[in-house]
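Me: Hi! Could you walk me through this structure before I start working with it?

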Amino acid sequence: MKLNLFTHLIREVPKLTNNQKHLLQHRLNDEINRGGTSLQIDKCKGDDIQCPHCDCDQVQRYGSASGLQRYKCKACSKTFNALTKTPLARLRKRSLWEKNLECMFDALPLWRVAERLNVAVSTAFRWRHRFLAGPTHDKTSEVAGIVECDETFFLESFKGNQTINDRPARKRGGIGNKKLKGDQVPVLIVRDRNGGLTDFVLDAPNNKEIHGALEPIITDQSILCTDGSQVYKSFAKGHGIKHYRNITSQGTRVIKRVYHIQNVNNYMSRLKTWMARFHGVGTAYLHQYLGWMRALEHAPACSDFTLEMLFNSAFKHEYVPINNKKSADDVDLEMPF
Ligand SMILES: [Zn+2]
């Protein structure tokens, strides 16, 4: 803004009514927060800029748009910014992102988030969906050393789905039928002693599923620690890796002082406690919740998932909206939370 216009603007401020001053203050705060978040996005992105359209690193600065540095690719001539093709592309109201993140990690239900941020519930849902797109895919790709594995189960839920075809609707808070196959969704949790953590939502806790999940991530030098389940015994045998089975019914909890599954079991216990606050999680969204919990686990302090972590996670994952729509309205399922 030109200096004379700005001076004029400042001179006019005393003429505003109290209500107008409050509105202006609110607007300025929004702009300041938005500017701060935009600066942080560019700062996190750093100088290692590649064109998201063709991966060329011959790019030049090309002004700014929506508060973000804009770049132009010398190879394909397309313009882009730090968020182009990331899960956070084209999301509006950047000034509220930090507060949204706080609400998410306080695990507030969507209607409370919408109320607190003064946005539509559909916006709160879209943000959550996009904010979790990065963490959902942030998984350890290889575990090593002492590797602890165990399964946990979540009640199958069609929360968020429009139709239930397979069984009559369960009353709220139902415990499900543990004997009924398919009523419980098995999740395999794997963690090593160096912070490596990953999980797999399985169709069934059988050899095919568990061996298929473990094969790509376990190195030959790993030492497997599990419960007494045969499924792990056959995997370790087939892959020639050391295996310690902690059979609690026989009183075996720790072997040689270090071989146990207490870390993975403690994590599963934290996961279950944290999940309970959502009063049933739609099975279609289980991956997202597991990613959310892994993000919390890796945050410097619990519930301290920062914008910086969000941005760095988003930069790693290309995101294409459903049907490649230009609008941010890429929601394919009903709101589950
Ligand atoms: Zn390009």
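Me: Great. What kind of model is this?

Reply: This is a predicted model.

Me: Okay, and how many helices and strands does the chain have?

Reply: There are 11 helices and eight strands in the chain.

Me: How much of the chain counts as buried?

Reply: The chain has 337 residues, and 24% of them count as buried.

Me: And what share of the contacts is between residues 24 or more positions apart?

Reply: Taking contacts in the chain with a separation of 6 or more, 63% come from residues 24 or more positions apart.

Me: Nice. Let's do sheets. What is the strand order in the five-stranded one?

Reply: The order is β6-β5-β4-β7-β8, in an open sheet with mixed pairing. At the edges sit β6 (197–201) and β8 (242–245), each of which pairs on one side only. On average, neighbouring strands of this sheet are turned by 25° against each other, direction ignored.

Me: What holds paired strands together in general?

Reply: Strands of a sheet pair through backbone hydrogen bonds, and the pairing can be either parallel or antiparallel.

Me: Why do you call β4 largely enclosed by the rest of the structure?

Reply: Because seven of the 10 residues of strand β4 (residues 146–155) are buried. The cut-off for buried is 20 or more other C-beta atoms within 10 Å of the residue's own.

Me: Which helix lies across β4, β5 and β6?

Reply: That is α10 (residues 286–298), and the angle at which α10 runs to β6 is about 170°.

Me: What about the three-stranded sheet, what order does that have?

Reply: β1-β2-β3, again as an open sheet, and the pairing is antiparallel. The edge strands here are β1 (59–65) and β3 (79–80), each pairing on one side only. Five bridges connect β1 with strand β2 (residues 68–73), and Arg61 stands opposite Tyr71 in β2.

Me: Switching to helices. At what angle do α2 and α11 pack?

Reply: Helix α2 (residues 18–45) packs against helix α11 (residues 307–315) at about 50°, and their axes are 10 Å apart. That angle makes α2 oblique to α11. The crossing is right-handed.

Me: Which residues make that contact?

Reply: From α2 you have Thr37, Gln40, Ile41, Cys44 and Lys45, and from α11 Leu307, Glu308, Phe311, Asn312 and Phe315. By class, the contact of α2 with α11 has five nonpolar, three polar and two charged residues.

Me: And how do α7 and α8 cross?

Reply: Helix α7 (residues 207–214) and helix α8 (residues 230–239) have axes that come within 10 Å and cross at roughly 50°. So α7 is oblique to α8, and α7 passes α8 in a right-handed crossing.

Me: Which residues meet there?

Reply: On the α7 side they are Asn207, Ile210, His211 and Leu214, which meet Val231, Ser234 and Phe235 in α8. The contact of α7 with α8 has four nonpolar, three polar and no charged residues.

Me: Last one: where is Ala107?

Reply: Ala107 is in the loop between α3 (97–105) and α4 (110–117).

Me: Why does Ala107 count as partly exposed?

Reply: Ala107 has 16 C-beta neighbours inside 10 Å, so it counts as partly exposed. A residue needs 20 or more to be buried and 12 or fewer to be exposed.

Me: What does Ala107 touch, leaving out residues up to four places away in sequence?

Reply: With those left out, Ala107 touches Arg277 and Phe278. The C-alpha atom of Ala107 is also 9.3 Å from that of Met275, although the two residues are 168 residues apart along the chain.

Terms used: Residues numbered from 1 in each chain as written. Predicted model: local features only at pLDDT ≥ 70, side-chain atom pairs only at ≥ 80, totals over all residues. Axes fitted to C-alpha atoms, helices over the stretch in contact; angles between N-to-C directions. Helix = DSSP H or I, 4+ residues; strand = E, 2+ residues; numbered from the N terminus. Parallel < 35°, antiparallel > 145°, perpendicular 65-115°, else oblique. Left-handed = near helix turned anticlockwise from the far one by under 90°. Contact = placed C-beta atoms within 7 Å. Nonpolar A, V, L, I, M, F, W, Y, C, P; charged D, E, K, R; others polar. Pairing = 2+ DSSP bridges.
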